[in-house]
Amino acid sequence: MTENLITIETMMLDLPSDSKADALHKICGHLFLLRKSQDPSALYNDIMKREEMVSTFAGQQIAIPHVITDYISSPTLCFVRINNKDFTWSDNDQSVRIIFLLCVPTEVNLQQLRESQSYIFSSIAQLMGNTKMIDLWLNSNKAEDILDSLKTAFESNLHSTIKY
Amino acid sequence: MPTNNLKVGVQSLGRFLSGMVMPNIGAFIAWGLITALFIPTGWWPNESMAKLVGPMILYLLPLLIGYTGGKMVGGERGAVAGAVTTMGVIVGTDIPMFMGAMIAGPLGGYAISKFDLLVHEKIKPGFEMLVNNFSLGIIAMITALLAYVVVGPVISTVTVALGDGVGWIVEQSLLPLVSIIVEPAKILFLNNAINHGVFTPLGAEQSAQIGSSIYYLIETNPGPGLGILLAYMFIGKGTAQKSAYGASIIHFFGGIHEIYFPYVLMKPRLIFAAIAGGMAGIAFNMITGNALVGPPSPGSVFALVLMSTNGTGILLTLGSIAVATITSFVVAALIIRTDSTEANDLAGASATIEANKAEAKGQTPSATETTATAGTVNIKSIVVACDAGMGSSAMGATVLRGKIDQAGLDIKVTNAAINDLTDADIVITQEELTARAKLKLPNAKHMSIGNFMDASFYDELVKSLS
């Protein structure tokens, strides 16, 4: 289930960007090139609509924009590292270097959809408690290493730790 | 405390009933305005436009109530099932089925929510849409048939009996006596429950038959409250007297009746003034035959005037407000003047009001916390909620779940979208979303968090729960 959620192609290390809008624009454009989205502009609008409601800044230089949208073909997680130490998310004190963007296509049963996708950010929250992991995300030049760290956590959480 | 339990029970039922009506008050007003304007005795009689009146009262309004009732119990799918079920009670009778909708709507929602619970995570991938659509269709069909065969006839009988009972009260000229119940209940913040749960549906039925209803004027007349505030302005002292000026404007023109409740709690004997004012207003309307064509919401003088019947309706409505105000004022002035206790603790009374208000909403007093101290016992479930229900809330729930487990507490921690909130002892949301969450789940204790990954907030919460 997690195989195509995040791939090497959906990881962007050291993306040059100077604002949230610019970064999200570039990521949506990238998803269009990957044929994950037929309408990157509408996808961007949906993401921003969610952002306007409340910031997805998560602390530790991480932001987690996420959206349920008609403009993505399959659940997709992007890992993006920003190549700009002055990059901020919503406020000046929300310094961000890593963006996890999750886009999930709309389904009839939204509640079921939400529950089925919760393991992703639940896993990321667990990983954020590990300083070595943050260090890996911030500094590693090997996208594969980062991808492995995420996939291992996703697999583990998908089958075990999330309890309702 | 059986009395307290009874009060909480009545408040819960009232809250549930008014929860079905309140979101649809706009539709009631639209219907009321169309009725006031276009029926043969309306402001601008128009036979063609008046065709809207019948279908709206018979179909639209009950369906909206049924839809909302279903949604309250079973979410979006429950809403659809509620609406379909409501059709069962609507077609089984020729009277407006408000009471029936209040039963059929939640019944449909309950049936679908139970089914969803039963098959949750058991549907084979790829079959979700098929199962969802057909399960809803089949269950709604069954509940609609059940409503048609069983609920409809029962409600028809009950409605006729109630109508006869109320008719008897009116014939015996006893309707003013309802103020003895209504006015104290208002001070306990049962005003919306009484008005929208009881009088609005009764009024809509009567209005459909004769074009207007006196029931719309029973709870909404601002006169009793205004009389009390005027008495404070002219006879009162200190803070209460000074603040009564502003309060009377908000009450009378804004229709926010809650503003005068602290003034009654400050001198509880003033409830007699409210009752006397209410009785006088109702008596005036009974004698003159005055009534409104639709529910005035809020109970502002402007709304009452707007919903008055044509001809002398506006004058009679203003007259009923004046009579209620004068009566209430005279009684209140006597009470305030003869009160030797000089009790003037408006702040204290306001605190009591907050407690009553919170209780009426099913919350513990001060139910929104900005710091993470739960302050309550028997917490069994905590939901971290956000808009999408899979991002911020999933992360927050994970952090909190770890801390709860670490503390060895037996508390279930989950995450959800605000729209999916159905049950929780505590709901944690980001500050910007707390108001929405409160609307969705008023019974829960709500806490606001700045950043959903704020470990110190969760530490403090766990500490208070331990």
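First, the ground rules. This is a predicted model, where local features need pLDDT of at least 70 and side-chain atom pairs count only at pLDDT 80 or more, while totals for chains, interfaces and linings use all residues. Residues are numbered from 1 along each chain as its sequence is written, chains are lettered from A and ligands numbered from 1 in the order in which they are written, and side-chain values use heavy atoms, with hydrogens and water left out.

Let's start with chain B. It has 17 helices and five strands. Helices (H or I, at least four residues) and strands (E, at least two) are DSSP runs, numbered from the N terminus. Of the 466 residues in chain B, 52% are buried. Buried means under 20% relative accessible area, exposed means over 50%, and partly exposed is in between, with a 1.4 Å probe and protein chains only. The accessible surface of chain B is about 20200 Å², and carbon and sulfur atoms own 67% of that. Those areas come from the Shrake-Rupley method with a 1.4 Å probe; for residues, only the protein chains shown count as cover. Now contacts, meaning heavy atoms within 4.5 Å. Take those in chain B between residues at least 6 apart in sequence: 73% join residues at least 24 apart.

Next, one residue. B:Ser135 is in helix H5, residues 128-171 of chain B. Is B:Ser135 buried or exposed? It is buried, at 8% relative accessible area. Leaving aside residues up to four places away in sequence, B:Ser135 touches B:Arg77, B:Ile112 and B:Phe115. With B:Arg77 there is a polar contact, side chain to side chain, at 3.1 Å. A polar contact is a pair of N or O atoms within 3.5 Å; within protein, one must be able to donate a hydrogen and the other to accept it, and residues adjacent in sequence count only if both atoms are side-chain atoms. The B:Ser135 side chain also reaches the backbone oxygen of B:Asn132, at 3.0 Å.

On to the interface. Chain B brings 30 residues to the contact, and chain A brings 30 residues. Together the two chains bury about 2500 Å², with 61% of it on carbon and sulfur atoms. Buried area is the accessible area (1.4 Å probe) that two parts lose on being put together, summed over both. Which residues of chain B lose the most area to chain A? They are B:Met390, B:Met395 and B:Asp420, together 25% of what that side buries. Across the interface, four residue pairs are in polar contact, both at pLDDT 80 or more. The salt bridge count between the chains is zero. A salt bridge is a side-chain nitrogen of Lys or Arg within 4 Å of a carboxyl oxygen of Asp or Glu.

So where are salt bridges found? A:Asp14 sits in strand E1 (residues 11-15) and A:Arg81 in strand E5 (residues 76-82) of chain A, so the pair ties together parts 67 residues apart in sequence. A:Asp14 is partly exposed at 32% relative accessibility, whereas A:Arg81 is buried at 1%.

Another pairs A:Lys20 with A:Glu51, at 3.0 Å from N to O. Both residues, A:Lys20 and A:Glu51, are buried. In chain B, B:Glu76 and B:Lys71 meet in a salt bridge at 3.4 Å, N to O. B:Lys71 is partly exposed, at 31% relative accessibility.
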